[in-house]
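Please read them beside the sequence and the coordinates.

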Amino acid sequence: MSGARRRRIGVMGGTFDPIHNGHLVAASEVAHRFKLDEVIFVPTGRPWQKDQAESKPGHRPVSPAEDRYLMTVIATASNPQFSVSRVDIERNGDTYTVDTLRDLRAILPDAELFFITGADALESILSWQNWEGLFELAHFIGVSRPGYELNATHLAQHLETLPPDTLQMLEIPALAISSTDCRERAHAGRPVWYLVPDGVVQYINKRQLYRTRRASSPGVS
Ligand code: ATP
Ligand code: MG
């Protein structure tokens, strides 16, 4: 098909432990604003930032990848534009964004990729290895998140040499929801209803996730 428009695919990476409505609103808003054809949610295998916290007191192990994957499937199933990829959970070792994007490029060679990241994760963008290489693989969309400042001024000097659509910022409806808070609520028997999709509440209960004492990971988003 000559002259066919490249498919525009959003990539929403996350630990999704559990997936919550903040993730879903971010993906939905970016899909609308950037006219995406699809958003692929990619649960991490071993999130390296969170593993680093294991040496700190009060660390919590991340829930099994299969539970996080299934919660992501449940949460996204009703939206025809949303899908879930297993590329990260099937790759051995720590999860790095560059590997996620390379794997997706290999599967979708003709697509234009848009990596969606919250303001907090954007803050650590410079700590990602070979971030200039990352920008060659995908556009980056930074979305607002309550409690975190959405600005790329500290990236500006590096970005000057890159095309203007390398990194764009998008203000989205503020949802002060985090997986950490959802886990702590579930652990304490407080409600997670309406913070996560109903099916995810039911899955957490069915699998008894977050019941054992698992402190939050200090300093890790
Ligand atoms: P945790 O508390 O375990 O770190 P989290 O709520 O930050 O969980 P992650 O799986 O770490 O969720 O985040 C995946 C992506 O979603 C990141 O880019 C993060 O910035 C973004 N994100 C998470 N929650 C929100 C939110 N409420 N609003 C906007 N972006 C969000
Ligand atoms: Mg986080």
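1. The chain has 10 helices and eight strands, these being DSSP runs numbered from the N terminus, with helices as H or I of at least four residues and strands as E of at least two. This is a predicted model, in which local features need pLDDT of at least 70 and side-chain atom pairs count only at pLDDT 80 or more, while totals for chains, interfaces and linings use all residues. Residues are numbered from 1 along each chain as its sequence is written, and chains are lettered from A and ligands numbered from 1 in the order in which they are written.

2. Ligand 1 is surrounded by 19 residues, the closest being G14, G22, G118, S179 and T180, where a residue counts if its C-beta atom, placed from the backbone, lies within 6 Å of the molecule. At least two residues of this shell come from each of α1 (21-33), β6 (112-118), α6 (119-123) and α9 (179-188), and α1 gives the largest share, with three residues.

3. Within α1, the residues G22, H23, L24, A26, A27, V30 and A31 are buried, meaning that 20 or more other C-beta atoms, placed from the backbone, lie within 10 Å of their own. Of the 221 residues of the chain, 38% count as buried. After α1 comes K35, whose phi is positive, near 50°.

4. I116 touches G10, V11, M12, A26, A27, V30, I141 and V143, leaving aside residues up to four places away in sequence; contact here requires C-beta atoms, placed from the backbone, within 7 Å.

Technical notes
Two residues are in contact if their C-beta atoms, placed from the backbone, lie within 7 Å. A residue is buried if 20 or more other C-beta atoms lie within 10 Å of its own, exposed if 12 or fewer, and partly exposed in between; C-beta atoms are placed from the backbone.
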